[in-house]
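Subject: Structure handover

Hi,

Here is the structure I promised to pass on to you. Have a look at it first, and my notes on what turned up follow below.

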Amino acid sequence: MKVGVLTGGGDCPGLNAVIRSVVRKGVQEYGFDFVGLRDGWLGALQGQVVPLGIADVRGILPRGGTILGSSRTNPLKHEDGVLRVRDTLAAHEVDALVVIGGEDTLGAAEELSRHGVKLVGVPKTIDNDVVGTDSTFGFDTAVGIATEAIDRLHTTAESHMRTLVVEVMGRHSGWIALHAGVAGGANVILVPERPFDIDQVCAWVRSRFRTHYAPIVVVAEGAKPKEGQMVLKDRTLDEYGHVRLSGIGEWLAQEISQRTGSDARTTVLGHVQRGGTPSAFDRWLATRFGLHAVDAVKKGDFGTMTALRGTEIVRVPLTEARGRTKQVDPSLYDEFSVFFG
Ligand code: F6P
């Protein structure tokens, strides 16, 4: 059997660990051959197929990024996209695919699966917002990076007695903001799921100053004020219909400064959260996802994705994840309100 592997969407730490795991088990235990499709669905459309053997995956476990490249190409938005993907697979005698991606890439996978493409999905994203799995790999690393940044910002904020606003990633969901904010001892945590009241934020900031501490405000890029809109970097839509976010941190610092008459600065963590070596947990989860994905291929359990449920890896239908994002539960967010202000 020949299996193609692709990584699509925004990259995240742990992608290479999945590729390595899939190839190692597939070759050693099942005698499969592998190829890689370059740059996500783009390679499938354009026929960019590269060899992928044991030697190619040696040493990649701790490496961030993806040796296969990635893109936000949506094959369903291209003329004859389904046909072109099928032609590429046929031309290279690829029997099945392992598709490693987030909500968008896996959504396209689900559609292609309906059109008869044999594939198994593996959920990834630093945002942790894929429905159907308790966690995605990449998230733990991103939270670790954001937490370390918040720890560092505490000391400089206190030296100058100013507010530091930390903008983290999270388009539709505030998982990174919530986890890193709690772990880093933030005084205000703002998530997309809960539009915020700027007067309340400023009240929390003032209260923090009154106790002679410098406020740390952690905000997800997709958070928005109750009265107002998400702040966009760019209105152009990608092939999945997403705009580019970022700017809410800067907006908040200006508002806090003006309304409280105190100094405020912003740090935007951006792609630092996606780069570099994966945490031990993400290597573990990515490796397990890879092993189970190749088992699914062997068993012919197509149209599914691997998922973490408790400590078990299970398979769930790709339909479960399609078109939805996993949001922060309001009651979970409220658990931490005692730390605000
Ligand atoms: O992959 C998810 C994500 O990191 C989001 O949190 C963020 O909004 C987006 O990707 C940024 O994408 P890009 O790499 O295209 O700037």
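Let me start with the ligand. Around the ligand you will find Gly10, Arg72, Ile126, Asp127, Met169, Gly170, Arg171, Glu221, His271 and Arg274. Please keep in mind that this is a predicted model. Sorted by class, this shell is made up of five charged, three polar and two nonpolar residues.

In the side chain of Glu221, an N or O atom is 2.5 Å from an oxygen atom of the ligand. Asp127 also takes part through its side chain, with a polar atom 2.8 Å from a ligand oxygen atom. With Gly170 the backbone is involved: one of its N or O atoms lies 3.5 Å from an oxygen atom of the ligand. The ligand exposes 400 Å² when taken alone, and the protein buries 81% of that area.

Where does the ligand sit? Its place is the largest pocket.

Now to the domains. The assignment for the protein chain gives domain 1 (2-137 + 278-320) and domain 2 (140-274). Their C-alpha centres are 33 Å apart, and across the two, 22 residues of domain 1 are in contact with 15 residues of domain 2. Both domains also contribute to the ligand shell, with at least three residues coming from each.

Best wishes

Key. Residues are numbered from 1 along each chain as its sequence is written. This is a predicted model: local features need pLDDT of at least 70, side-chain atom pairs count only at pLDDT 80 or more; totals for chains, interfaces and linings use all residues. Side-chain values use heavy atoms; hydrogens and water are left out. A residue is near a molecule or strand if one of its heavy atoms lies within 4 Å of it. A polar contact is a pair of N or O atoms within 3.5 Å; within protein, one must be able to donate a hydrogen and the other to accept it, and residues adjacent in sequence count only if both atoms are side-chain atoms. Accessible areas come from the Shrake-Rupley method with a 1.4 Å probe; for residues, only the protein chains shown count as cover. On a 1 Å grid over the protein atoms alone, a cavity is a set of points where a 1.4 Å probe fits but cannot get out, and a pocket is an open set with protein on both sides within 12 Å along at least five of seven lines; lining residues have an atom within 4 Å of a point. A molecule sits in a cavity or pocket if more than half of its atoms lie within 2 Å of its grid points. Ala, Val, Leu, Ile, Met, Phe, Trp, Tyr, Cys and Pro count as nonpolar, Asp, Glu, Lys and Arg as charged, and the others, Gly among them, as polar. Domain bounds come from an automatic or database domain assignment. Contact means heavy atoms within 4.5 Å.
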